[in-house]
Amino acid sequence: MSLPLISLMIVIPLLGAIIAFISKTRNQARYAAIIASIIPLLITVKMYFQLDPSKMWVVESYDWIPLAGIKYAVGVDGISMPLILLANIVIPLTILFAFGETKQTSKFYGLLLLEQVGVIGVFSSLDFFMFYIFWEVTLIPMYFLISIWGGPRKDYAAIKFFIYTHVASLVMLLAIFSLYFTALAKTGIPNFDMAYLIGMYSGFDPAIKDIIFFALLFGFLVKMPAVPFHTWLPDAHVEAPTAGSVVLAALLLKMGGYGLFRVMLPMLPHTTNTSMVITVVAIIAVVSIVYGAFLALAQKDLKKMVAYSSISHMGYVTLGFVSLVPLSVTGAMYQQFSHGLITCILFMSCGIIQHGAHTRIINDLGGLVQKMPKLTFLMLGGFLASLGLPGMSGFIAEFTILAGAITTLYVYVLIAVFGGIAVTAAYHLWAIQKAMFGVFNEKLGDVHDMARYEMISMAILLLLVIYFGINPDSVWNVMEAGANIVLAGANI
Amino acid sequence: MNYSPLIPELIVVLVGLIVVFFGLFLPLRVKKGLGCISALALIASIVYILKSGVLSTSERAGVYFYEAYAIDSLSQFFKLVFLAVSLIIVIASIKRYEDNKYQDEYYGLLLFATFGMMIVASSNDLVTLFIGFELASMSTYILAGFDKTNPKSLEAAMKYYIIGSVSSAIMLFGLSLLYGVTGTTNIEGISAYIAANGIADAPGIAILVFLIAGFAFKMALVPFHMWAPDTYEGAPTMISAMLAAGSKKMGFVAAFKVFIVALIALRLDLQSVFFILAIITMTYGNVVAISQKSIKRMLAYSSVAQAGYIAMAFVIMTPLAVGAGMLYILSHAFMKSGAFIAVGAVTHMLWTKNKNVENADYLKNFAGLAQRAPYTALAMLIFVFALAGIPPTAGFVSKFFLFSSAIQAGYISLVVIAILNSALSLYYYARLVKYMYVLPPAGETLKEPRAYLLAMLIAIIAIFAIGIYPAPFLDWAMNAAATIGM
């Protein structure tokens, strides 16, 4: 009998979280956290080399609530495996980055591990009930991370984040109910299985199809977030502690994108008016790309700029998804993976600048390279990756999305290219030029460079970004197989 | 005839009598033992019900006393709710009232109240139902005023008593009309009579109005909820827990029996009335809860709101909805009693430090509770997140099935309002969590009394058991729903 690898990945961080919560000293908490978060990474790597991405793999399935057809079912395929890899890379590195945390450390590391539990659960669930539970479970640790370790307006930001995303989840839940009961009414067999319910969707009554589709889409787009449902994000990001921002941007946003590929993509061709849906989603995507970039350009606070850049970059995911071409769908998945790594570097840089210079206002900074050479180097790498420099992972993703989408959505691609890319380059370069280069602002006083664990964490991330920029195949092939399966299953 | 299914009731009432009798002679220092005996009696009854297997079948296990008293999975399910709530309250009270010389009466009354609720759960006859209702009410009227030196407690008891008696009278009038029309007090007899002969509009509507007013008072549905916040705030916290988690459910079981079994012919009118009541109740409860300073009052309004969710079962009236409503009732019993016990623990700890603390249950006293009393704060956190319906707790599972049943039956507008309410409630629950976990402590560390912790632990175990493995509980609830023809 083989080991239940995915369940282990969920249970080990959970145990680690409990150990961290009850640990008495800071050292106990942080070493427990780092060990508990690295074991899932080792498991993922082991699984990765044996993965056959063309089908659901290492499936575990047990009856949970037989009366309602609810199962405990987990598994991975080409869509979810890279995201699980991403989660298991990001969480240990975030914990390493936050090794110097001093405030209520046992809770801090415990909550980060709980995020890992929730995120892996979302990416591996094969049952809608489970999927929803894990989806909600990710909210609570983040609420605490923001409201205990957050900035000056943490109360407002935490509650806004919590309620806004909770409402979106509830709307999604209603859509899940409708899926379930419409299928139940058709067959008489209760079943919450995701693939089964998504497969049943094509045979539904047209009257209910669009409601279900848009309700689910709303749930996912709020999480991404896409304009106009993005307003919770800047507040949450700006007030969250660095580790919280990193997890939020690198992992929680990816849950929305994952929902698009896993749930929405197979349904999209079966909506009553597919071309209308594509138009709506493409407009949302392009507006997110362009408007997000312009918002980022207008920010004075470096962290807020990075937060808006996330909206812009996640717009590419939506655009790649809706173009329905294998190349750009794979590219969109790759963008999720790549943005997950790059955004970590950006938020970590903001955190170090805040910590060292006590401000993140771009105009108040300046010449930090003299005091923070190591940070400047790593941060420059991150910023160049984020603006899409060839040779880095972000370029591969955005290039393939646009190259694929131009065949089906060329108007939108043109708008995205002309409205978005130049502005994206502009805000990245201006920000780093003003903040890090030029004359040092003496008012900042004594500024230290980063600690060693912070440097190791960011350097690993940067190396990964470069590695996946030069050699995307290892992840790309897996995603491509996943994308092909979904697209073929949806008869596109 | 096999009378063994009646053993739980017998245990409760006999131990109640024993406690009151021996309380007359025992000195104060050993009276604590009476609480322990009461707790053991409740545990024994719970174990008996669980082992009897009635819960896992929808067949009736027995009918007694000229068809006035029935044992089936509905009755046993609700008895489980009442007994569990009483058990949690008795355990916490052992600490709360250890120095009180009237504690024998307290435990006796608690057991009699529980007995009354059990009678209601099993009654198959309007008269039996009314007697059980009054026994439970009378006992809780006295208990609400048990802190005799506290004017707030006396006010609470008085208010509860006056409004309670009036609504009992209204309910009794409704029941007598029902008897007058159908010529029988047997619930199934009424159902059969109406099915055969129909019921004219005039008496039908009058009966419905009177009965809804009577039951909705106990269920604390808006606009019959006025007594609830004042009483819950003023009454001893344990008794608030009893009223919110136990006695309120008595209103629901009575309503299930009378409305769904006897008056199913008036289904359409019932649905439209409860549609409005449910929406008003949940919205009003949540909106008003936001502005409360007193946690007990906040929990009172949240309990009103939760009654609104449960009342959705009367609107939807499908098997899944009624089953989910029952599951919600079971979950709510643990969540709400746990939350009140946690408030009780905090006030108790503050009072042992300083006898003259005023408004001990106010939000400001919860600041930094996570550092002052970490276990109580963690328990409270779990209770409020369960009340808000966050997975993986009982609150989530109950809401999941209840709201899904509404979707199944096509009540989209109802469920959208319920979900918006659920999000609204998150605000005041999260605010309490913020006070406990984010704000700096309002004083030094407190010593957490063990009896309270045990009571809260039981509630937490139940909340997670239902939340993580709901299958058996859902089975029981669906069986209970099946016994009333759902």
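How many helices and strands does chain B have? After that, please look closely at where chain B touches chain A.

Reply: Happy to! Bear in mind that this is a predicted model. Chain B has 19 helices and two strands. Its radius of gyration is 21 Å, close to the 23 Å that the globule rule gives for 486 residues, so chain B is as compact as a globular protein of that length. Along the principal axes, its C-alpha atoms fill a box of roughly 70 × 55 × 40 Å. Of the 486 residues of chain B, 62% count as buried. Among contacts in chain B with a separation of 6 or more, 80% come from residues 24 or more positions apart.

Now to the part you asked about. The contact draws 22 residues from chain B and 22 residues from chain A. On the side of chain B that touches chain A, at least two residues each come from α16 (394-408), α17 (412-437) and α19 (471-483) of chain B. The most come from α17(B), which gives nine residues. By type, the residues on this side of chain B divide into 17 nonpolar, three polar and two charged.

Eleven of the 15 residues of α16(A) are buried, so α16(A) is largely enclosed by the rest of the structure. The buried ones include A:Leu375, A:Met379 and A:Phe383. Among the elements covering them are α13 (302-323) and α14 (326-357) of chain A. Just after α16(A), A:Gly388 takes a positive phi of about 95°.

Definitions and conventions
Residues numbered from 1 in each chain as written. Chains lettered and ligands numbered in written order. Predicted model: local features only at pLDDT ≥ 70, side-chain atom pairs only at ≥ 80, totals over all residues. Contact = placed C-beta atoms within 7 Å. Helix = DSSP H or I, 4+ residues; strand = E, 2+ residues; numbered from the N terminus. Nonpolar A, V, L, I, M, F, W, Y, C, P; charged D, E, K, R; others polar. Buried ≥ 20, exposed ≤ 12 C-beta atoms within 10 Å, placed from the backbone. Rg over C-alpha atoms; globule rule 2.2 N^0.38 Å.
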